[in-house]
Amino acid sequence: MACFFRRSVAAQLSRICGAPEDMLVPLLSAVPVSKKQSNPDLRLAVNSLVRNGALSPDADLQTQTERLTKQLRVDAVVEQVISGRGVITFRINKQLLVEKVLEQLQAEPQSFGVQSELLRRLQRGRTLVEFSSPNIAKKFHAGHLRSTIIGNFIANLKEVLGNEVIRMNYLGDWGMQFGLLGAGFQRLGSQEKLRENALQHLFEVYVQVNREAEHDESVRLAAAEFFRRLEQHDEQALSLWKQFRDITVEEYKKIYERLGVSFDHYSGESFHQSRAQEVLMELRSQRLLKTTEKGTGVVDLSAAGDLSSYATLVRSDGTSLYITRDVAAALDRKETFHFDEMIYVTDKSQSVHFQQLFQILRVMGHHWAERCIHVPFGLVLGMSSRLGEVVLLEDVLNEARYRMQHNMQEAKTSKELIDPELTAEQIGVSALIIQDFKGPLISDYKFDWQKVLQAQGDTGVFLQYTHARLRSLLRMHGSGNHTHFNPSHLQDSRSISILQHLLRYDEVLLQSALDLQPRHLVNFLITLSHLAASAHRDLPVKGSPAEVAQARLCLFSCTCSVLANGMKILGITPVDKM
């Protein structure tokens, strides 16, 4: 709703500077709320007018700032214009602030912020997000948690902002390890154990056969033979491989359901085997594939054409590499899905791999590679459970649920819940997500269960607690229509701080969309929760005059809507009771 106020100020600026309103609107930003003092509502950095050609670059900046401040008029929207050092700030009519923000939130709670004119400059279209991407025939490793929740956030954000999103899980389902597993299972495996505890049994077989292969060449030869049969589409070998793959996907889906994550497509390296050979033929025909002295096939990525930088796509024995299959996968996806952008979410150790992948696509003449993005992330350090170091994601989720359920049982404020285990799980997942999203994704961070599950402070538990308290307040005073209110009853500092903060929501969504970092939204929601907690404490509904109570309920209802909307974008399921 900040757009109504930005547009009003931009109209004045346009008349003074002669620049178009549409150019001026994005230059006005909402001022972050401060605990210490009464805030202005909007700010304008005057050098942004200079950069955009609305003011002369030759004149003194402070002189221009003061002159422009004097030319701007107080009106029905703007109550005060204040000159600062290269900055002009604006105080908005607070009656109008309350009216406009809450009216829009009541009319369109789901689209608040996301339909802002600020976001119109974002490209819309079809976005393919590849994320999670574990290896089949193995239990879900805790290391895949970050890719899964970051990719889910990006997909949710893109969808909310009007893109058609394709969620892709690119499984590690090909390679020599499946030769080992296939050959090992034929000798050591049991279909009965596979039915009882599939991934555990496959893991045990793999560990044993891997150990044997270290000192027994016949095991290595059997593995190579099984993989050769796989590559030649031998019916029996493929049938066993397919069984491993199907079992794994079904097991993974249970974990994804617990995380609230879903996929449109489960793909994998196996899907692109034949296309990988076509890619090599195409590279040869374009004379891009060069053979080194070692017999490997490489693509020169150096600016000077001197092989000072290159990517290897073929081993000396003629077999393709992971990057070859990634090139094939990218080409297949472009032809199948006609995406406008493709986003890969993996750990930062693969950054060079993706730089090379995008360069290869560009030298092949595929200009859409400019719209391929890699979102890298750092490591989680020190994640452990009561049983020791955590390796499996299932253990992390169980630990979060167990600890949260214990905390809820200890808390004096806990409510009677229909399914306490499910609620504990949802809050536990929220805690994991917020801990992960608070800083820059590229950074490693140290995991600490005590900090993660605190009910106070900047945690997922605090977000959920705030949402549940607001929902409880609204239930207590009837699920009725909290739409009719008198803005004059919301002129106190607590109410105004919440509404000033809500003005920033579209800017936060824009920043999140531009750099694909969730921390902007996390910080916004945590601040909103702190402001809501203070208002809940200082602005009682019970015992207040009917008109005051109604206005406050309207404020709390709208705050709750924005909190829930933001949490859902992050991949968090808001709970109504805890």
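How many residues line the largest pocket, and which of them lie nearest its centre?

Analyst: This is a predicted model. The largest pocket is lined by 31 residues. Nearest its centre lie His 141, Gly 143, His 144, Asp 347 and Phe 377. The space in the largest pocket comes to about 630 Å³. Sorted by class, its lining has 13 nonpolar, 12 polar and six charged residues.

The second largest pocket has a volume of about 440 Å³. Its lining consists of 20 residues, and the closest to its centre are Val 33, Ser 34, Lys 35, Ser 497 and Leu 531. Two helices, H19 (493–502) and H21 (519–538), each supply at least two residues of that lining. H19 has the largest share, with six residues. The class count for the second largest pocket is four nonpolar, 11 polar and five charged residues.

Rolling a probe the size of a water molecule over the atoms shows where empty space is left. A search of the whole structure for cavities of 30 Å³ or more finds one. The largest cavity holds about 60 Å³ of space. Its lining is made up of Asn 135, Ile 136, Ala 137, Lys 138, Gln 177, Phe 178, Leu 181 and Tyr 206. Helix H7 (residues 176–188) gives the most to this lining, namely three residues. By class, five of the lining residues are nonpolar, two are polar and one is charged.

Helix H11 (residues 235–259) has 25 residues. From its first C-alpha to its last, H11 reaches 36 Å, close to the 36 Å expected at 1.5 Å a residue. At the N-terminal end, Asp 234 caps H11, with a side-chain oxygen 3.2 Å from the backbone nitrogen of Gln 236. After H11 comes Gly 260, which has a positive phi near 75°. An α-helix has 3.6 residues a turn, so residues three or four places apart point the same way. Among the buried residues of H11 are Ala 237, Leu 240, Trp 241, Phe 244, Ile 247 and Thr 248. The buried set also includes Arg 245, Tyr 252, Tyr 256 and Leu 259.

Strand E9 (residues 297–300) has a partner on each of two pairings. With strand E8 (residues 289–291), E9 pairs in the antiparallel sense over three bridges. Lys 290 has Val 298 of E9 as its bridge partner. The hairpin of E8 and E9 has five residues between the strands, and Gly 295 there takes a positive phi near 90°. With strand E10 (residues 310–314), E9 again pairs in the antiparallel sense, over four bridges. Here Val 298 stands opposite Thr 312. In a regular strand the side chains alternate between the two faces of the sheet. Both faces of E9 are covered: Gly 297 and Val 299 are buried on one side, and Val 298 and Asp 300 are buried on the other.

Glu 399 counts as buried because its relative accessible area is 2%, and buried means under 20%. Its side chain makes a polar contact of 2.8 Å with the side chain of Arg 403.

Terms used
Residues numbered from 1 in each chain as written. Predicted model: local features only at pLDDT ≥ 70, side-chain atom pairs only at ≥ 80, totals over all residues. Heavy atoms only, no water. 1 Å grid on protein atoms, 1.4 Å probe; cavity = no way out; pocket = protein on both sides within 12 Å on 5 of 7 lines; lining within 4 Å. Points joined across faces, edges and corners; volume = space filled by probe spheres on them. Nonpolar A, V, L, I, M, F, W, Y, C, P; charged D, E, K, R; others polar. Buried < 20%, exposed > 50% of the residue type's maximum accessible area, 1.4 Å probe, protein only. Polar contact = N/O pair within 3.5 Å; in protein donor to acceptor, adjacent residues only side chain to side chain. Pairing = 2+ DSSP bridges. Expected span 1.5 Å × (residues − 1).
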